[in-house]
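Subject: Structure handover

Hello,

Here is the structure I promised you. Please open it first, then read my notes below.

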Amino acid sequence: SEAIRKSSANFNFSENNLDQKLKVREKEHVFLLPASIRKVKDPMFLIPAFIRWGKEDPSVKLHIIGNPLDSKLLRRLQHTTKTAKNIKFLGLLSKKEVLERMKKSIAVLNTSLSEGMCGALLEAMAVGSCPVVVRGIPGNTALVGHNSTGYVFEDPESFVEIGKFLVKERRKNDDNDDDDDGNGKAALQRGREHEAKWSDRQTLKQTQTQTQTQTQTQ
């Protein structure tokens with residue numbers, strides 16, 4: 001299947017104009033999480049994974065923007081950003097600033113525990129300059145189809161798999177803009193490998209769930 005290659009190919013990473021005002025370096029790979037700071041949005045969900053990933057690849061960044069509604073959660077987040085060099089909390093920004101940052105990000109994230117029709121996801125999909133990568137909850141999966149209109153993750157490990165694929169695609173576009181044929185073959189192969197890993201993970205989880213259910217009913 002070419003789904004994952006096509007999904008990422010719809011977003012022209014190499015043509016994003018990086019604004020000096022936003023201080024986003026071309027070599028950085030910024031994942032943007034627009035979410036108010038409250039429990040239902042679960043903004044801490046991917047932070048440990050980003051910290052580990054950042055030690056492997058310092059170019060990977062997580063920028064969180066949103067209204068700090070939960071003071072206790074805000075203190076946890078601020079404490080984390082003091083020690084984690086690749087994570088920033090930017091606070092509440094204007095809609096114009098949020099949209100500009102979406103345009104300059106490698107992906108827009110959603111980590112919520114529960115969602116209705118998420119406005120930030122709709123805006124990111126309307127901007128269309130980068131993919132959306134969302135947690136696999138009903139509200140998100142109603143908007144985002146994995147490997148078609150974006151990417152869906154179930155846990156931090158599966159998110160990192162997707163994130164690493166997107167970073168490779170960005171680097172491929174940055175380094176080899178003139179070698180379209182070779183890049184297409186490489187991207188297709190990486191997409192197949194990634195999609196196979198995702199399918200295997202989902203099959204394993206379904207089998208484990210079925211086994212647990214059968215055990216409980218016996």
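Accessible areas here come from the Shrake-Rupley method with a 1.4 Å probe, and for residues only the protein chains shown count as cover. By that method the protein exposes about 11,800 Å². Carbon and sulfur atoms supply 48% of this area.

Two notes on the source. This is a predicted model, where local features need pLDDT of at least 70, side-chain atom pairs count only at pLDDT 80 or more, and totals for chains, interfaces and linings use all residues. Residues are numbered from 1 along each chain as its sequence is written, and side-chain values use heavy atoms, with hydrogens and water left out.

**Overall layout**

The protein has eight helices and six strands. Helices (H or I, at least four residues) and strands (E, at least two) are DSSP runs, numbered from the N terminus. Read from that end, the elements go α-β-α-β-α-β-α-β-α-β-α-β-α-α.

Contact means heavy atoms within 4.5 Å. Take the contacts between residues at least 6 apart in sequence: 73% of them join residues at least 24 apart.

**The sheet**

In what order do the six strands of the open sheet lie? The order is 3-2-1-4-5-6, and the pairing is parallel. Two strands pair if DSSP finds at least two bridges between them. Strand 3 and strand 6 are the edges, each pairing on one side only. On average, neighbouring strands are turned by 25° against each other, direction ignored. For such angles, axes are lines fitted to C-alpha atoms (for helices, over the stretch in contact), and values run from 0 to 180 degrees between N-to-C directions.

Look at one pair. Strand 4 and strand 5 (residues 132-135) run parallel and are joined by three bridges. Leu-109 has Val-133 in strand 5 as its bridge partner.

Helix 4 (residues 95-103) lies across strands 1, 2, 3 and 4, at about 145° to strand 1. Helix 5 (residues 119-127) lies across strands 1, 4 and 5, at about 155° to strand 5.

**The cores**

Buried means under 20% relative accessible area, exposed over 50%, and partly exposed in between (1.4 Å probe, protein chains only). Buried residues make up 48% of the 218 residues.

A nonpolar core is a set of buried Ala, Val, Leu, Ile, Met, Phe, Trp, Tyr and Cys residues joined through side-chain atoms within 4.5 Å. The largest one has 32 residues. Phe-31, Phe-50, Leu-109, Val-133, Phe-159 and Leu-166 have the most contacts inside it. Helix 7 gives the largest share of this core, six residues. A second, separate core has 15 residues, among them Leu-32, Ile-65, Val-134 and Val-144.

Is Thr-111 buried or exposed? Thr-111 counts as buried, because its relative accessibility is 1%. Thr-111 sits in the loop between strand 4 and helix 5.

Ser-158 lies in helix 7. Ser-158 is buried, with a relative accessible area of 1%. A polar atom of the Ser-158 side chain lies 3.1 Å from the backbone nitrogen of Glu-154.

Best wishes

Note on methods: Polar contact = N/O pair within 3.5 Å; in protein donor to acceptor, adjacent residues only side chain to side chain.
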